[in-house]
Amino acid sequence: MERQELEEAARKILLSNLRQGVADWNGKEYSFVVPSLTGYPFQWFWDSCFHAIALTHLDKQQAVAELRTLMSGAQPDGFIPHIIFWEMDKQPDFLARNIVGMTNPNTSATMQPPIIAYAVERVYEATGDDAFLQSALPILTAFYRWLSQNRDPDGDGLIAVIQPEEAGTDCSPKYDEALDLEYLTNQGFIAALSKVYEAYEPMRGDDRRILAADMFHFEDVLVNSIYVMGLRSLARLLGEEGEGREFAQQADRTRAALLAKCWDDEAGAFFDLSGVAEKPVKVVTISSLMPLILDDLPRRYVERLVDEWLTSPDHFWLPYPVPSVPASDPKFMPGNPRGFIWRGPSWMNTNWFLVHGLRRHGYHDLAAHIVDRSQECIEKSGIREYYNPYTAEGLGARDFGWSTLILDM
Ligand code: GLC
């Protein structure tokens with residue numbers, strides 16, 4: 001596929017998944033791309049950031065509109081929800097199949113990996129739109145402050161998630177133990193998650209109390225790596241000599257905590273910390289590699305992640321890399337997991353993160369290989385939600401928004 005064909009295919013999806021109108025519940029205008037018209041007909045937080053980045057290659061004004069719409073969902077305390085249910089008529093059907101933590105009918109009470117400041121930076125770079133930047137800065141500032149004030153109760157610089165979907169890697173096997181997962185199926189996952197949700201019911205909206213209850217408390221490596229990336233963007237946008245200093249320092253603290261607390265020298269990988277007691281969860285998944293997105297990850301960590309895990313054919317270096325779980329894990333499921341996601345297939349968003357990280361660390365050939373194979377997945381199977389890492393078979397939702405990130409690889 002030539003670049004132009006790829007752009008046409010991406011444009012078709014982003015346009016057909018575009019939703020525009022005025023919400024009848026808050027009177028606000030919306031203009032954004034849904035992840036998938038069938039499975040995910042609302043606005044999702046990190047999806048929206050990825051859509052905006054892909055749109056910088058196709059329609060810069062729509063990239064601005066995407067992020068403006070997302071930021072219009074920011075709450076008075078700074079929190080930005082992971083789902084905004086712009087078109088409420090589609091909600092009953094969705095809630096019949098999915099569970100969502102909510103404190104009001106129109107938005108979720110869940111966060112997602114905080115990539116938004118990076119997305120704003122990219123859209124600003126692409127457009128030079130100062131009015132957009134000026135309107136975004138107070139919202140971003142409030143959001144990143146909300147994260148440190150509400151999600152870092154022990155003050156170590158690592159933010160915690162209260163349920164797996166907050167990390168965006170919903171059913172990853174790294175959560176099985178904490179969730180007490182009985183059946184290794186999507187139904188089993190929803191049953192286990194429902195128990196957590198029930199316990200949260202009287203505390204919903206009070207995240208500090210929820211974290212103190214210690215039901216599900218994960219200092220997640222993927223979330224925190226992305227947090228550092230977002231903080232660095234925000235610091236640059238604000239000017240590191242001025243207001244941005246606070247966020248630059250926060251980024252340094254979080255990065256230092258990732259190295260000091262999540263690195264396991266024996267395994268040669270980063271592990272999440274579970275519970276208030278911060279027990280390392282010694283399960284290697286795609287998130288163990290995510291600190292590669294940090295420009296200043298010291299060489300020693302970079303090399304061990306790349307040599308021992310990423311490029312090992314026993315682990316992550318499969319025909320269509322990078323799988324969400326290494327092939328060496330007994331729970332690895334490369335094929336269609338029937339909604340039991342993030343347990344084997346390769347995803348475009350994590351490939352996008354790793355490709356950029358690898359380039360920054362000088363691994364241009366490895367990055368190029370992942371890009372080639374990602375493109376082959378799309379050529380063989382269309383723009384799907386995720387792919388079988390052995391065959392490139394397309395799985396999950398069709399015409400999936402964030403897989404258009406291929407344009408930005
Ligand atoms: C799934 C993914 C999550 C994504 C959402 C919408 O729940 O795990 O990361 O944001 O779908 O695409």
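Student: Before we look at any residue, what counts as a helix or a strand here?

Tutor: Helices and strands are DSSP runs, numbered from the N terminus; a helix has at least four residues and a strand at least two. Keep in mind that we're reading a predicted model.

Student: Is Leu-133 buried or exposed?

Tutor: The cut-off for buried is under 20% relative accessible area. Leu-133 has 5%, so it is buried.

Student: Which residues does Leu-133 touch, if I skip those up to four places away in sequence?

Tutor: Those are Val-120, Tyr-124 and Leu-237. As for Trp-44, it is 89 residues from Leu-133 along the chain, and their C-alpha atoms are separated by 21 Å.

Student: What about Thr-350, where is that?

Tutor: Thr-350 sits in helix α13, residues 348-360. Its relative accessible area is 2%, so Thr-350 is buried too. Leaving aside neighbours within four places in sequence, Thr-350 is in contact with Ile-286 and Trp-342.

Student: Okay, on to the core. Which residues of the largest nonpolar core touch the most other members?

Tutor: That core has 138 residues, and the ones touching the most other members are Trp-46, Ile-116, Val-120, Tyr-144, Leu-289 and Phe-353. Helix α10, residues 221-238, gives this core its largest share, 12 residues. Apart from this core lies another one of six residues, including Phe-42 and Phe-94.

Student: What does Ile-116 touch, again not counting residues up to four places away?

Tutor: Its contacts include Phe-45, Leu-70, Ile-80, Leu-140 and Tyr-144.

Student: Now strands. How do the strands of a sheet pair?

Tutor: They pair through backbone hydrogen bonds, either parallel or antiparallel. Here, β1 (residues 18-22) and β2 (residues 29-33) pair in the antiparallel sense over five bridges.

Student: In what order do the three strands of the open sheet come?

Tutor: The order is β5-β8-β9, with antiparallel pairing. The edge strands, each pairing on one side only, are β5 (218-219) and β9 (279-280). Strand β8, residues 273-274, is joined to β9 by two bridges, and Ser-274 stands opposite Lys-279 in β9.

Student: Which residues other than glycine have a positive phi?

Tutor: Among them is Glu-278, with phi near 55°, in the loop between β8 and β9. Ala-392 is another, with phi near 70°. Ala-392 is in the loop between β10 (386-387) and β11 (394-395), and its relative accessible area is 0%, so it is buried.

Student: And which peptide bond is cis?

Tutor: Look at the one from Pro-321 to Val-322, where omega is near 10°. You'll find Val-322 in the loop between α12 (299-310) and α13.

Methods: Residues numbered from 1 in each chain as written. Predicted model: local features only at pLDDT ≥ 70, side-chain atom pairs only at ≥ 80, totals over all residues. Heavy atoms only, no water. Buried < 20%, exposed > 50% of the residue type's maximum accessible area, 1.4 Å probe, protein only. Contact = heavy atoms within 4.5 Å. Pairing = 2+ DSSP bridges. Core = buried A, V, L, I, M, F, W, Y, C linked by side-chain atoms within 4.5 Å.
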